[in-house]
Amino acid sequence: MDSVWTQTARLPRLAPLRGDLKTDVLVVGGGLTGLLCAYQLSRAGVDCALVEADRIGGGVTKNTTAKITSQHGLIYDKLLRNLGAERARLYLEANQQALERYRELCRTIDCGFEERDAFVYSLDSRRKLDRELAALDQLGFPAEFAPELPLPFPVAGAVRFPRQAQFHPLQFIAAIAREAQSFEHTKVLSLSPGKAVTTGGTISAERIIVATHFPILNRHGAYFMKLYQHRSYVLALENAPDVGGMYVDEDEKGLSFRTYGSLLLLGGGGHRTGKRGGGWRELEDSARSWYPQARAVFRWATQDCMTLDGVPYIGPYSKHTPGLYVATGFNKWGMTSAMTAATVLTDLVLGRESPYAELFSPARRVLWPQLAVNGLETVLGLLTPTAPRCPHMGCALHYNRQERSWDCPCHGSRFGEDGTLLDNPATADKQM
């Protein structure tokens with residue numbers, strides 16, 4: 001179940017920490033977000049260190065479809081209605097700036113960076129597309145309506161974002177990984193103000209950034225209520241057509257398409273982690289129907305943290321944890337969100353004013369309908385009288401037959417059949 005990125009990249013091997021360390025800023029987590037934070041801080045002259053419990057790029061980063069775009073579904077109509085024009089404009093601006101930073105960096109990094117138009121399509125609702133186009137027009141972005149697409153089924157149309165991009169995420173992080181002193185196989189065992197105890201020694205730092213996908217410090221910030229996790233699946237098909245751009249259905253249960261080299265990456269089959277969904281079977285059935293000559297050469301799954309309002313949490317971890325910062329909840333759009341997080345957190349760590357700090361603040365209001373859904377799932381998970389149970393908060397685990405794993409529907413932790421931890425927020429293996 002390795003992704004095409006894992007099979008086509010060589011990442012540097014970094015030594016584990018051996019002994020105590022003192023630094024100005026510690027970054028916890030060696031995925032794209034953590035590495036970009038360390039990269040930007042080091043470039044700004046900050047003494048910075050990064051620790052990763054396993055291998056850099058070995059978590060969610062290796063399982064992305066690697067679309068670099070500010071088009072995050074039909075989000076701008078929603079943002080205008082829920083947050084107002086100024087915050088919607090800031091969200092668009094932050095993500096467009098992230099795209100431009102990638103464009104600049106990738107001029108000197110061999111990572112398959114390619115400009116592509118991005119499309120959000122609808123199978124049956126032109127009205128939704130028209131509302132999104134009207135919102136983007138109000139925000140001054142040059143989106144266009146696309147009446148037809150090179151996809152194997154009819155659509156009501158699509159919203160087109162010009163000059164977005166795609167790339168090879170592991171080749172990219174291989175190029176930036178050595179900018180700061182970084183340590184692999186160095187797991188954080190505990191965090192406290194100005195200190196992280198790891199398997200390799202104690203690290204003292206004035207500032208600590210938690211970039212671990214789902215935040216690992218459970219006592220603060222209420223992230224177990226403010227986030228849930230969503231699982232989705234990808235097939236890499238050979239002998240399938242080049243679709244040219246990047247495409248995603250406006251419906252959460254729909255499909256996504258992009259081309260990598262001679263391969264078509266078909267994504268979908270998603271569901272809340274711990275629940276049932278279409279998985280690879282749904283994608284395999286679709287591929288047989290639409291591309292009978294195609295053959296799946298890679299398949300993989302990914303997991304995304306979803307926020308209450310569709311906007312990531314980037315900023316101070318909580319009001320009770322001075323000097324501690326977090327980046328999480330990228331809502332399936334981790335490429336631009338990772339770059340945005342690194343930029344915002346670099347400003348905050350350096351004491352500079354960020355125009356985006358309030359928009360992404362983890363302390364913003366939580367009274368959204370999704371909060372009640374998350375709370376209900378937690379209650380159901382705690383009251384379900386089954387074993388095994390998740391060590392994170394004690395919810396009942398559900399068996400995922402397609403992936404042969406035990407998954408938590410409350411907060412998204414996952415374990416192998418032998419109890420090995422696969423995905424956080426749990427921080428240790430499970431006795432099965």
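Which backbone nitrogen does the side chain of Thr-61 reach?

**Entry 1: basis.** I worked from a predicted model, in which local features need pLDDT of at least 70 and side-chain atom pairs count only at pLDDT 80 or more, while totals for chains, interfaces and linings use all residues. Residues are numbered from 1 along each chain as its sequence is written, and side-chain values use heavy atoms, with hydrogens and water left out.

**Entry 2: Thr-61.** I located Thr-61 in the loop between β2 (48-51) and β3 (67-68); strands here are DSSP runs of E, at least two residues, numbered from the N terminus. The side chain of Thr-61 reaches the backbone nitrogen of Leu-32 at 2.9 Å. I then listed the contacts of Thr-61 (heavy atoms within 4.5 Å), leaving aside neighbours within four places in sequence, and found Gly-31, Leu-32, Pro-169 and Leu-170. I noted Thr-61 as buried because its relative accessibility is 9%; buried means under 20% relative accessible area, exposed over 50% and partly exposed in between, with a 1.4 Å probe and protein chains only.

**Entry 3: positive phi.** I next looked up backbone angles. Most residues other than glycine have a negative phi. Arg-163, not a glycine, has a positive phi of about 55 degrees. I placed Arg-163 in strand β6 (residues 157-166), and I recorded Arg-163 as partly exposed, since its relative accessible area is 45%.

His-185 is also a residue other than glycine with a positive phi, near 50 degrees. I found His-185 in the loop between β7 (181-183) and β8 (188-192).

Key:
Helices (H or I, at least four residues) and strands (E, at least two) are DSSP runs, numbered from the N terminus. A polar contact is a pair of N or O atoms within 3.5 Å; within protein, one must be able to donate a hydrogen and the other to accept it, and residues adjacent in sequence count only if both atoms are side-chain atoms.
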